[in-house]
Amino acid sequence: MEILLHNDYLAEALSREPDAIDLCITKNCKSWVASTTISSLMQKSSQEHRNKVSDLLGDLSVVTPNVGDLAEALRNECFEERLTSILARNCGFDAVVSTNPEKFSSNDVLVITPEELQKKINEPASPVTGVKLLDIPASYHQILNDVEIEMADTIRSGQFILGSKVSELEEKIAEYCQTKFAVGVSSGTDALLISLMAAGIGEGDEVITSPYTFFATAGSIVRLGATPVFVDINDVTFNMKVEHVERCITSRTRAIMPVHLYGQCADMDSIIELGKKHNLTVIEDAAQSIGSEYKNKRSGSLGDMGCFSFFPAKNLGAFGDGGIVTTSSEELYEKLKVLRVHGSEPKYYHKSIGGNFRLDALQAGVIKAKLNYLESWTEKRRQNATTYNQLFQANALTQYIQLPPEVFPRHVFNQYVIRAGNRRDELRSFLNEKKIGCEIYYPLSLHIQECFKSLGYKKGNFPEAEKAADETLALPVSHEITKSQQEYVVENIRDFFLNK
Ligand SMILES: Cc1ncc(COP(=O)(O)O)c(C=O)c1O
């Protein structure tokens, strides 16, 4: 439950014992206070009282009305109550807690007393009736105040593109990914493109990669006039079959681009060895794998460059597009920084042709704030994956579906992907009917995409990639989901296989 505490309740709670607001700081209830009520709470000026208010702000999230909310509230006689209702309605809170619910005339929102809240908290949870594949707003209460501080800094400074926010983020991401440098860019796609440019890839060059990935992996290679050379995938990890890579190397091969699909690293040892042996640049498509590890090293630190996406659905998502390239090579770092600003160095003097690949400061601030939560969110995703594995095993469902094993710890489960054989599409429709979000990543391998016809591949060239495209289904696994939601997913999958 997300509740907004009205100032009458807060004033009373603050005047009583310090634990009086404990009611609102329970696991089942996320409590908010409107920033506009703080000054009315500060009418007593003792240090002790100020400390209490300060503790309160540490425990609750703060929501600030915008000008529209205030204007609407001003049109009404009971300004305080009207503003609380408007905020609760516009922010989607479940209820307002007030000691005098009768003062609220509008029925925009449920208004309850602390006693009624207590009762609601103790009620058994209502049964799950659906699970979203991704519920990004569900964790906003946790991060919103940190994010607002970062965004206000940027808005006040007027530095919207690159600047100190982006530099601070770059330092933090480099440290997190165990590299010397990081260069913030406009998206994960641009991270791939600029890395290929920094490696000098162009017309006539070949880059070895996976056919079973998001389009941008191969799209960025083709955009530079180079040719993606696909290698089939391992049927367990969904990542490139490394034992097939060497046979694809020709005199035109310039780079290998492994993809750490779904959040698990590709088998990097032999890729790195081949890179060294044949003088090839290794560019990791780590868009889905921030924080994943291969033999105790973080993704993004394994090859020459690592490319990450901050697309909102990623484990570390922005409030829009963004990406970053990691590297420990000073030479590549310098090239990346210049290519990011149209190849300009110094400003307006161009020795090379780059692009506008700049990361904006608002997104950098959002990512920087969220990075502090990433480890706990990742551990929750991993725990959710373990819970699914246990539930599927306990329900004897592993004879119908194949679970995603963790071959190279640590897998960060950007997606939890099962194989459902030839009943995948049927299962997907069934789960959708039960309001369970699930998705196919990806329904058509890149080698048989219409736009890549001229590459000369045909159906049957990469049987494992094609089979995966026909059989896989991603289930909800993000840190926001609960155990009962996971049980609901598994019960429905059981129902599908046993009763349909
Ligand atoms: C494997 C992979 N590569 C590249 C990208 C591109 O990232 P973005 O959407 O940030 O451009 C994505 C994002 O979906 C991805 O999953």
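## Ligand contacts

A backbone N or O atom of Gly188 sits 2.8 Å from an oxygen atom of the ligand. The protein covers 92% of the 390 Å² of accessible area that the ligand has on its own. The model described here is predicted.

In Asp285, a polar side-chain atom is 2.8 Å from a nitrogen atom of the ligand. In Ser309, a polar side-chain atom is 2.7 Å from an oxygen atom of the ligand. There are 15 residues around the ligand, and those that come nearest are Gly188, Thr189, Asp285, Ser309 and Lys314.

## The sheet

Seven strands form an open sheet with mixed pairing, in the order S6-S14-S13-S10-S9-S7-S8. Its edge strands are S6 (181–185) and S8 (227–230), each of which pairs on one side only. On average, neighbouring strands of this sheet are turned by 25° against each other, with direction ignored.

At one edge, strand S6 pairs with strand S14 (residues 323–327) in the antiparallel sense, over five bridges. Within this pair, Gly184 stands opposite Ile324 in S14.

## Helices across the sheet

Helix H9 covers residues 188–198. This helix lies across S6, S7 (206–209), S9 (253–257), S10 (281–285), S13 (305–309) and S14, and runs at about 160° to S13.

Helix H12 (residues 330–340) lies across S6, S13 and S14. The direction of H12 is at about 15° to S6.

Definitions and conventions: Residues are numbered from 1 along each chain as its sequence is written. This is a predicted model: local features need pLDDT of at least 70, side-chain atom pairs count only at pLDDT 80 or more; totals for chains, interfaces and linings use all residues. Side-chain values use heavy atoms; hydrogens and water are left out. Two strands pair if DSSP finds at least two bridges between them. Helices (H or I, at least four residues) and strands (E, at least two) are DSSP runs, numbered from the N terminus. Axes are lines fitted to C-alpha atoms, for helices over the stretch in contact, and angles run from 0 to 180 degrees between N-to-C directions. Contact means heavy atoms within 4.5 Å. A residue is near a molecule or strand if one of its heavy atoms lies within 4 Å of it. A polar contact is a pair of N or O atoms within 3.5 Å; within protein, one must be able to donate a hydrogen and the other to accept it, and residues adjacent in sequence count only if both atoms are side-chain atoms. Accessible areas come from the Shrake-Rupley method with a 1.4 Å probe; for residues, only the protein chains shown count as cover.
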